[in-house]
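Hi everyone, thanks for coming.

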Amino acid sequence: MTSKGLTTVTTFRKGLVLALGITMTAVSAAACGGGDGDVPAAAGPNEHVELTLATFTEFGYEALIPEYERLHPNIKITHRKTGQGGPYAQDMMTKLAAGSGLADVQAVEEGHLSDILSKSSKFNDLSKIGPSSAQPDRWLSWKYDAGKDKNGKLIGYGTDIGPLAMCYRKDLLAAAGLPSDPEAVKPLFATWDSYFAAGAQYTAKTGKAWFDSAAQNFNSMVNQLPVGYLDTNDKLTLDTNQGIKDAWAKVTDAVAKGESAKLTAFSNEWNSGFKQSAFATKACPAWMLGVIKEQAGPDNASKWAVTAAFPGGGGNWGGSYLTVPTQSKHPREAAELAAWLTAPEQQIKAFEAKGNFPSQAKALESPQLLNATDAYFGGAKIGELFAEQAKKVAKPQYKGPNDGQIQENVASPALQSVEQGASAADGWQRLVDGAKKLTR
Amino acid sequence: MTVTDKTAPESRAMTRPHAATRPGLRDRLARWDVKVSPYLYVAPFFIVFAIVGMFPLLYTAYVSLFSWKAGDDNPDFIGLDNFKELFADTQFWHALENTVSIFLLSSVPQLIIAVLLAAVLTLRLRGATSWRVGILLPYAASLVALGIIFANLFGPRYGLVNGVLQTLGLSPVDWQANRFASHIAIAIMVNWRWTGYNALIVLAAMQAIPKELHEAALIDGAGTVRRFTHVTLPLLKPTLIFVTITSTIGGLQIFTEPKLFDAMPGSNNGGSTHQFQTVTLYLYQTAFENFNLGYASAIAWVLFLIIVVIALINYFVTGRLAGRRR
């Protein structure tokens with residue numbers, strides 16, 4: 001099928017889905033419980049309903065849940081919180097495979113979304129069962145579109161996002177004779193070429209590393225491409241994808257010039273690297289500011305700065321979705337809860353509670369967000385800055401099954417091996433072989 | 001009709017001579033007691049074992065015959081294809097090499113040091129109990145905490161070990177990048193934890209050796225070293241066999257230490273080029289990261305068979321050695 005044919009089908013389906021969605025909401029609003037086949041009917045307004053909500057790390061929902069229960073006296077919510085995202089995703093996949101144990105509203109991280117989308121039959125289509133308030137225009141279009149499977153079925157409502165900007169060490173750049181003011185530094189971070197060229201200059205002058213690790217940049221570069229590791233037929237593109245090859249060449253070239261501090265992200269050594277000023281720049285999704293503050297510590301306050309520029313335009317790293325698995329006994333109530341939690345008003349509250357950057361168009365215009373500043377980063381207006389970056393994100397790249405595993409378990413280690421001394425060609429072969437093995 | 005049918009056998013039973021039935025029944029019960037009771041007493045173990053041991057083992061064998069991705073509704077039956085693929089899988093053989101290398105680097109020094117430690121602990125020491133408890137402390141500490149601490153110590157840039165090496169004028173080692181260095185670092189973690197544990201088992205066996213044997217050897221003019229090699233060691237043989245087999249099984253299943261040693265948090269890769277990925281880590285990655293359950297089951301069964309074979313070799317070799325001495 002040509003890509004044009006596919007789009008026509010999708011548009012047609014979209015229309016159909018929308019029409020169905022409106023009918024469904026009308027039916028469920030009348031509370032007479034007409035269902036479409038296997039989706040259980042909505043409970044009556046006085047019927048007692050118990051819902052579970054599963055999230056990981058911090059979603060900022062602690063105060064919102066009692067509020068929702070106050071607004072809906074017949075609903076009782078149990079919030080299951082998990083510390084780390086990795087074990088959470090593993091647990092989720094196991095329960096998905098087992099066919100039981102998932103929560104009514106299950107949060108899914110962007111990195112694990114491709115695994116969920118390839119099993120979309122196990123999730124409810126939120127555009128069908130969700131309330132009418134949750135229309136596509138609530139979200140940034142790229143965030144909304146990324147929550148749909150190949151056939152246009154909406155699996156998740158977007159919660160937060162991680163728009164990318166560039167964080168850098170003002171003092172280190174100034175010491176190397178580079179511009180350091182947030183406005184003056186922007187041209188350095190305009191394209192990947194200018195970024196790596198500035199890095200080469202910095203490294204030649206100081207003998208120190210420009211960025212933390214090759215994988216951090218490579219992932220962003222691949223995500224910016226129109227086609228990633230897999231095409232829409234779920235076929236591996238590595239042999240033909242010039243964009244990925246170019247990204248590989250640029251990153252490994254920068255490693256050869258000594259621009260990488262060779263610190264694996266989130267490792268202990270990486271944490272120490274912040275304190276030791278091991279690198280001068282860092283790809284910075286909105287939530288990274290908190291990580292930098294914690295790891296670099298008060299000693300480095302206001303040495304770090306952030307600017308509204310990112311090589312190659314914009315990008316997104318992180319953020320989550322709320323899904324309603326078909327395992328749920330109360331999918332309509334669950335969808336309503338998910339829709340309420342992802343409404344702009346609630347996401348602004350979550351932003352104020354835990355700093356999760358909202359993905360809702362209205363939330364990005366809210367004065368509470370736009371006026372937020374951060375003293376650690378020299379009083380930068382971070383709300384406005386990341387809202388600006390969020391609007392620069394291009395349309396979402398299609399992520400096939402195993403996309404996340406290729407990035408995490410194949411591409412990142414392959415780049416790490418190059419940093420540890422392997423040749424760029426060997427590393428590339430490792431990436432191709434590993435990806436082939438995974439997608440076989 | 002039915003009523004008479006029902007009552008008929010009962011009435012027959014009632015008419016039986018009383019004296020004849022009672023000893024007969026008691027007799028039979030007593031015989032059953034002798035025959036059946038022992039099985040009933042051991043039954044709970046076998047029932048529990050069948051549920052939690054046997055069933056998973058057999059079910060894993062069943063799963064290994066399928067191309068089974070987690071969440072698949074209808075996995076395809078592919079016979080022994082998973083095993084065929086596994087025997088041609090270089091990553092598996094690489095992982096097996098790593099496992100054996102780490103196992104040898106840990107078990108061999110570990111057992112030697114454990115025996116020597118036990119020998120020292122049998123001497124009259126001040127505060128003997130506190131020394132004995134002391135060597136068990138690493139075993140009591142949380143494995144995960146130890147793993148994180150050791151991974152920090154062996155950090156390539158900011159690790160303490162490299163810091164010490166550099167102050168001594170030696171060049172730092174990239175413990176995660178170099179295959180052999182990573183095996184040594186992991187073996188040190190394993191030894192740290194298990195040496196004391198094994199030493200205590202050996203110590204218990206040493207103390208069970210009758211004093212008279214040592215006294216007799218002393219009278220014959222044997223020195224400390226000679227008494228150790230000719231009295232203590234031969235009598236320790238059964239214990240050493242036990243310790244060797246348990247550490248073989250544990251060593252071939254090593255998982256937590258290499259997992260926590262990886263610089264990438266939560267990674268099951270065992271280093272950038274799988275330098276220290278063990279078979280269990282590969283198995284875990286296949287099953288719970290790539291959700292390829294059929295292939296993972298095949299790995300599990302091959303690992304199981306390898307462990308059985310090595311344990312049998314161990315048993316026969318040590319048995320042969322013991323037999324020759326006797």
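Let me start with a word on naming: when I say helix or strand, I mean a DSSP run, at least four residues of H or I for a helix and at least two of E for a strand, numbered from the N terminus. And please keep in mind that this is a predicted model.

With that in hand, let's go to chain A and its loops. A:N402 sits in the loop between α16 (382–391) and α17 (403–419) of chain A. Its phi is near 75°, a positive value in a residue other than glycine. Is A:N402 buried or exposed? Buried, because its relative accessible area is 11% and the cut-off for buried is under 20%.

There is another positive phi at A:F266, near 70°, again in a residue other than glycine. A:F266 belongs to the loop between α10 (242–256) and α11 (268–275) of chain A. Here the relative accessibility is 37%, so A:F266 counts as partly exposed.

Which residues of α11(A) are buried? They are A:E269, A:W270, A:N271, A:G273 and A:F274.

Now over to chain B, and a helix pair. Two packed helices are described by the angle between their axes and the distance between the axes. For α4 (residues 90–122) and α10 (residues 224–252) of chain B, the axes come within 10 Å and cross at roughly 145°. The crossing of α4(B) and α10(B) is right-handed. On the α4(B) side, the contact is made by B:T99, B:F103, B:S107, B:Q110, B:L111, B:V115 and B:A119. An α-helix has 3.6 residues a turn, so residues three or four places apart point the same way. From α10(B), the residues in the contact include B:F228, B:L233, B:L240 and B:V243. Taken as a set, the residues of this contact divide into nine nonpolar, seven polar and no charged.

Keep an eye on B:Q110, one of the α4(B) residues in that contact. Its side chain also makes a polar contact with the side chain of B:N191, at 3.2 Å. B:N191 is in helix α8 (residues 179–207) of chain B, and B:N191 is buried, with a relative accessible area of 15%. Beyond its neighbours within four places in sequence, B:N191 is in contact with B:L105, B:S106, B:P109 and B:Q110.

Back to α10 of chain B, where we find B:R227. This arginine is buried, with a relative accessible area of 19%. Not counting residues up to four places away in sequence, B:R227 touches B:H214, B:A217, B:L218, B:A222 and B:T232. For a sense of the local geometry, the C-alpha atoms of B:R227 and B:A216 are separated by 10.0 Å, and these two are eleven residues apart along the chain.

Last stop, the interface. How much area do chain B and chain A bury between them? About 2500 Å², 49% of it on carbon and sulfur atoms. In chain B, the residues that lose the most area to chain A are B:Y158, B:M264 and B:S272, together 26% of what that side buries. The contact takes 31 residues from chain B and 31 residues from chain A.

That's my tour, and I'm happy to go back to any part of it.

Definitions and conventions:
Residues numbered from 1 in each chain as written. Chains lettered and ligands numbered in written order. Predicted model: local features only at pLDDT ≥ 70, side-chain atom pairs only at ≥ 80, totals over all residues. Heavy atoms only, no water. Buried < 20%, exposed > 50% of the residue type's maximum accessible area, 1.4 Å probe, protein only. Axes fitted to C-alpha atoms, helices over the stretch in contact; angles between N-to-C directions. Left-handed = near helix turned anticlockwise from the far one by under 90°. Contact = heavy atoms within 4.5 Å. Nonpolar A, V, L, I, M, F, W, Y, C, P; charged D, E, K, R; others polar. Polar contact = N/O pair within 3.5 Å; in protein donor to acceptor, adjacent residues only side chain to side chain. Buried area = accessible area lost by both parts, 1.4 Å probe.
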